[in-house]
There are 2 protein chains.
Amino acid sequence: MELEAAKDHFVQTWGTLGTNWGISRTMAQIHALLLMSPDPLSTEEVMDKLHISRGNANMTLRDLINWGLVQKVIKTGERKEFFSAEKDIWEVAKCIARERKRRELDQMKKAIDQLAEVTGDPKDKNYAAFIDTVKSIQQFSGSVDTLLTKVINSDKNWFLKSLIKLFT
Amino acid sequence: MELEAAKDHFVQTWGTLGTNWGISRTMAQIHALLLMSPDPLSTEEVMDKLHISRGNANMTLRDLINWGLVQKVIKTGERKEFFSAEKDIWEVAKCIARERKRRELDQMKKAIDQLAEVTGDPKDKNYAAFIDTVKSIQQFSGSVDTLLTKVINSDKNWFLKSLIKLFT
DNA sequence: TATATTTGTCAAAACTTATTGAAACTTCCG
DNA sequence: CGGAAGTTTCAATAAGTTTTGACAAATATA
């Protein structure tokens with residue numbers, strides 16, 4: 001395959017995968033495009049390359065900036081804003097993990113913590129079972145939270161070292 | 001809050017959270033309902049409690065069985081099929097992790113492996129950058145794959161022990 | 001200040017995914 | 001076999017999500 005074709009393919013593929021990851025197609029595509037681009041791109045260039053509307057490009061770029069995956073770049077002499085993506089995959093992964101933790105785990109913990117406060121007769125079998133289930137979910141999500149928080153705040157070397165540790 | 005109300009609340013909450021987790025609302029709700037129910041429930045009971053159609057209940061129950069989260073139970077003397085959920089949260093988590101790995105990571109690895117095969121002039125800066133990015137994604141997803149595979153096939157104690165190991 | 005260029009907003013349209021409901025199928029039992 | 005009880009399928013529909021595009025707001029230029 002030719003390089004440009006391969007890049008295109010990457011952008012398409014990343015877009016499809018994004019949907020599996022709870023990330024909108026456009027968001028994943030723009031990210032892929034910027035990831036593959038040595039130089040920052042303007043909103044117009046993004047629109048053109050992906051055939052998307054200005055509104056979409058604008059909103060999605062903002063989202064990407066909020067996630068911390070993309071940065072605004074000002075070129076001297078140019079009035080337009082340009083955008084470039086974080087190129088270090090480990091940093092990218094951390095960003096995504098952080099966002100997904102927020103959406104998926106933190107929300108769940110909040111909900112479960114509420115449920116753990118339900119009071120009832122401890123002799124009631126039903127109640128006991130309920131509390132038991134809730135408590136064990138709480139405990140488990142606590143562990144995952146601890147782990148993820150650690151990963152999200154660590155560097156690549158720590159991760160790789162830990163990986164080795166776990167297999168010895 | 002009263003116990004039944006709390007259970008209801010749990011079912012609703014789990015349903016909402018499910019959508020964040022790439023699991024359909026109904027699927028998450030049925031799972032929650034069965035998780036909270038001491039006895040197996042029939043299709044009809046599930047339909048009634050969640051106000052969903054027979055078709056939906058049936059298909060979703062099948063999905064849950066395929067995921068390994070729910071089991072068919074035959075009661076002697078009854079013709080109907082009953083369903084009960086895996087109650088051990090660690091097993092539940094492993095099931096979900098397994099499915100999500102398949103959807104999210106395995107597909108990505110397949111796509112990336114293809115891209116890594118693109119050939120080009122190693123002196124071309126663009127090409128070098130492309131390969132570099134692809135290779136690092138490949139390496140990273142390989143590590144995550146190894147880790148997840150290990151977790152999915154381990155028991156709870158291993159997980160907790162490892163957790164402690166990582167913080168010492 | 002007027003004009004040109006770029007960026008941001010939002011209601012409506014397009015698209016995607018989930019759910020329904022009725023019909024088809026299967027199984028069990030007299 | 002005939003039909004009652006239960007299960008599965010799937011085209012139609014509803015619900016939810018993403019994307020568009022025209023316009024408003026902001027910012028620079030003359």
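Reply: Start with a single residue. This is a predicted model. A:His51 is exposed, with 6 other C-beta atoms within 10 Å. A count of 12 or fewer is what makes a residue exposed here.

Me: Where does A:His51 sit?

Reply: A:His51 is in the loop between α3 (43-50) and α4 of chain A. Check its backbone too. Its phi is near 55°, which is a positive value in a residue other than glycine.

Me: And in the other chain, is B:His51 buried or exposed?

Reply: B:His51 is exposed, because 6 other C-beta atoms lie within 10 Å. Its loop runs between α3 (43-50) and α4 of chain B. Phi is positive there, about 55°, although B:His51 is not a glycine.

Me: Now the protein interface. How many residues of chain A are in contact with chain B?

Reply: In general, the size of an interface is often given as the accessible area lost when the parts come together. Here we count residues instead. 41 residues of chain A contact 42 residues of chain B. On the chain A side, α1 (3-20), α2 (25-36), α5 (89-115), α6 (125-152) and α7 (156-166) each supply at least two residues. α6(A) gives the most, with eleven. By class, that side of chain A has 25 nonpolar, eleven polar and five charged residues.

Me: How do I read a helix pair across it? At what angle do α5(A) and α6(B) pack?

Reply: Take the angle and the axis distance together. α5(A) and helix α6 (residues 125-152) of chain B pack at about 55°, with axes 10 Å apart. The two helices are therefore oblique to each other.

Me: Which residues of α5(A) and α6(B) meet?

Reply: From α5(A) come A:Ile89, A:Trp90 and A:Ala93; from α6(B) come B:Ser136, B:Ile137 and B:Phe140. The classes in this contact are five nonpolar, one polar and no charged.

Me: Which residues of α1(B) are buried, and what covers them?

Reply: The buried residues are B:Ala6, B:Lys7, B:Phe10, B:Val11, B:Thr13, B:Trp14, B:Gly15, B:Leu17 and B:Gly18. Their cover includes α5 and α6 of chain A, together with α2 (25-36) of chain B. Just after α1(B), B:Gly22 has a positive phi of about 70°.

Me: Next, the DNA. Which residues come nearest to DNA strand D?

Reply: List the neighbours, then group them by element. Of the 19 residues around DNA strand D, A:Thr26, A:Gly55, A:Asn56, B:Gly55 and B:Glu81 come nearest. Two or more residues each come from α2 and α4 (54-67) of chain A and from α4 (54-67) of chain B. α4(B) gives the most, with five residues.

Me: How many residues surround DNA strand C?

Reply: DNA strand C has 18 residues around it, the closest being A:Gly55, A:Glu81, B:Ile52, B:Gly55 and B:Asn56. At least two residues each come from α4 of chain A and from α2 and α4 of chain B. The largest share, four residues, belongs to α4(A).

Key
Residues numbered from 1 in each chain as written. Chains lettered and ligands numbered in written order. Predicted model: local features only at pLDDT ≥ 70, side-chain atom pairs only at ≥ 80, totals over all residues. Contact = placed C-beta atoms within 7 Å. Nonpolar A, V, L, I, M, F, W, Y, C, P; charged D, E, K, R; others polar. Axes fitted to C-alpha atoms, helices over the stretch in contact; angles between N-to-C directions. Parallel < 35°, antiparallel > 145°, perpendicular 65-115°, else oblique. Near = placed C-beta within 6 Å. Buried ≥ 20, exposed ≤ 12 C-beta atoms within 10 Å, placed from the backbone.
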